[in-house]
Amino acid sequence: MKENQKETHMYKVLINTWNVGGVTPADDLNMEDLLDTDIDSCDMYVFGSHEHKERQKVHPVKEVNSEEEEEEGDDERKFRCMVSKQMVGIFVSVWVREGLRGHIRHMSVSCVGCGIMGCLGNKLRLEVAEGQTFEGWQEGGIGFSPTYKYYPNSNEYYGSSLERKGEKRRAPAWCDRILWWGEGLKQTRYSRGESRLSDHRPVRAVFVVEVESSRNSSTSLETFFSSERFDSVEVFFDG
């Protein structure tokens with residue numbers, strides 16, 4: 001492809017991971033903490049939850065229904081849940097801005113077990129550093145406080161107080177993480193939320209995605225969003 005026939009598009013993607021501790025969120029849960037509304041709206045949202053009850057429903061952004069499709073409106077504020085997957089207590093959903101929906105094809109989801117016997121626990125910081133697992137993956141610099149373990153509905157870490165008798169002392173930990181891999185991705189934000197719903201705090205990361213396409217190509221976005229690139233952005237939880 002000749003250089004003068006290329007165009008570069010930039011899209012913003014937010015990834016959020018949260019261990020909800022088996023607690024069902026209230027219907028009026030404030031989603032601003034998960035959506036990170038301090039930044040401009042993103043083009044794609046990926047939400048992962050852990051210790052998630054099977055019948056819990058998660059609708060973090062406004063989903064378009066058939067009636068709304070017939071009405072004229074601002075597609076910049078409408079999102080479509082393109083794919084979701086639940087595996088035991090883990091649930092992942094991908095939401096895309098309505099204007100990009102027509103460019104996405106051939107979606108698929110797969111489950112990969114890891115940890116003890118391929119299913120229990122993950123102690124992967126040292127393993128990553130030693131090249132034993134997630135080779136080639138990256139993680140942004142951690143500049144936020146540990147996300148685990150808190151007393152429910154509290155800002156106090158569990159086991160940190162000498163006044164609570166009979167409790168095992170323990171150090172707070174960074175158990176909730178997001179790893180990424182791939183070209184054309186730039187992480188611009190890595191932070192935690194402050195919701196007190198569970199004994200974990202949510203963690204989110206924002207990426208700017210660079211898409212190169214041919215001019216006047218109707219398939220450029222379709223090719224990008226159906227590529228393996230987004231199979232390589234995953235939520236990582238160290239229990």
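Analyst: Start with the contacts. Among those in the protein chain between residues at least 6 apart in sequence, 68% join residues at least 24 apart. Keep in mind that this is a predicted model.

User: What makes up the fold, and in what pattern along the sequence?

Analyst: The protein chain has 4 helices and 8 strands. Along the sequence they follow β-α-β-α-β-β-α-β-β-β-α-β. Of its 239 residues, 39% count as buried.

User: Why is the contact between Asp 43 and Arg 97 called a salt bridge?

Analyst: The N to O distance between their side chains is 3.2 Å. The cut-off is 4 Å, between a side-chain nitrogen of Lys or Arg and a carboxyl oxygen of Asp or Glu. The pair is therefore a salt bridge. The structure holds 7 salt bridges.

User: What does the pair of Asp 43 and Arg 97 tie together?

Analyst: Asp 43 sits in the loop between α1 (32-35) and β2 (44-50), while Arg 97 belongs to strand β4, so the bridge ties together parts 54 residues apart in sequence.

User: How do you know whether Asp 43 is buried or exposed?

Analyst: Buried means under 20% relative accessible area. Asp 43 is at 16%, so Asp 43 counts as buried. Arg 97 has 5%, so Arg 97 is buried too.

User: What makes Arg 177 and Glu 139 a salt bridge?

Analyst: Their closest N and O atoms are 2.7 Å apart. That is within 4 Å, so the pair qualifies. It links distant parts of the chain: Arg 177 is in strand β5 (residues 176-180), and Glu 139 is in the loop between α3 (124-129) and β5, 38 residues apart.

User: Which residues are linked in a network of salt bridges?

Analyst: Arg 80, Glu 98 and Arg 101 are. Arg 101 and Glu 98 have their closest N and O atoms 3.1 Å apart. Glu 98 is buried because its relative accessible area is 12%. Arg 101 has 32%, so Arg 101 is partly exposed.

User: Which residues touch the most other members of the largest nonpolar core?

Analyst: Ile 15, Met 44, Val 96, Ile 178 and Tyr 190 do, in a core of 20 residues. The elements giving two or more residues to this core are β1 (6-19), β2, β4, β5, β6 (185-192) and β7 (203-214). β7 gives the most, with 5 residues. Apart from this core lies another, of 14 residues, among them Trp 18, Val 20, Leu 34 and Cys 42.

User: What does Tyr 190 touch?

Analyst: Leaving out residues up to four places away in sequence, its contacts include Glu 139, Phe 144, Arg 177, Ile 178 and Val 203.

Methods. Residues numbered from 1 in each chain as written. Predicted model: local features only at pLDDT ≥ 70, side-chain atom pairs only at ≥ 80, totals over all residues. Heavy atoms only, no water. Buried < 20%, exposed > 50% of the residue type's maximum accessible area, 1.4 Å probe, protein only. Core = buried A, V, L, I, M, F, W, Y, C linked by side-chain atoms within 4.5 Å. Contact = heavy atoms within 4.5 Å.
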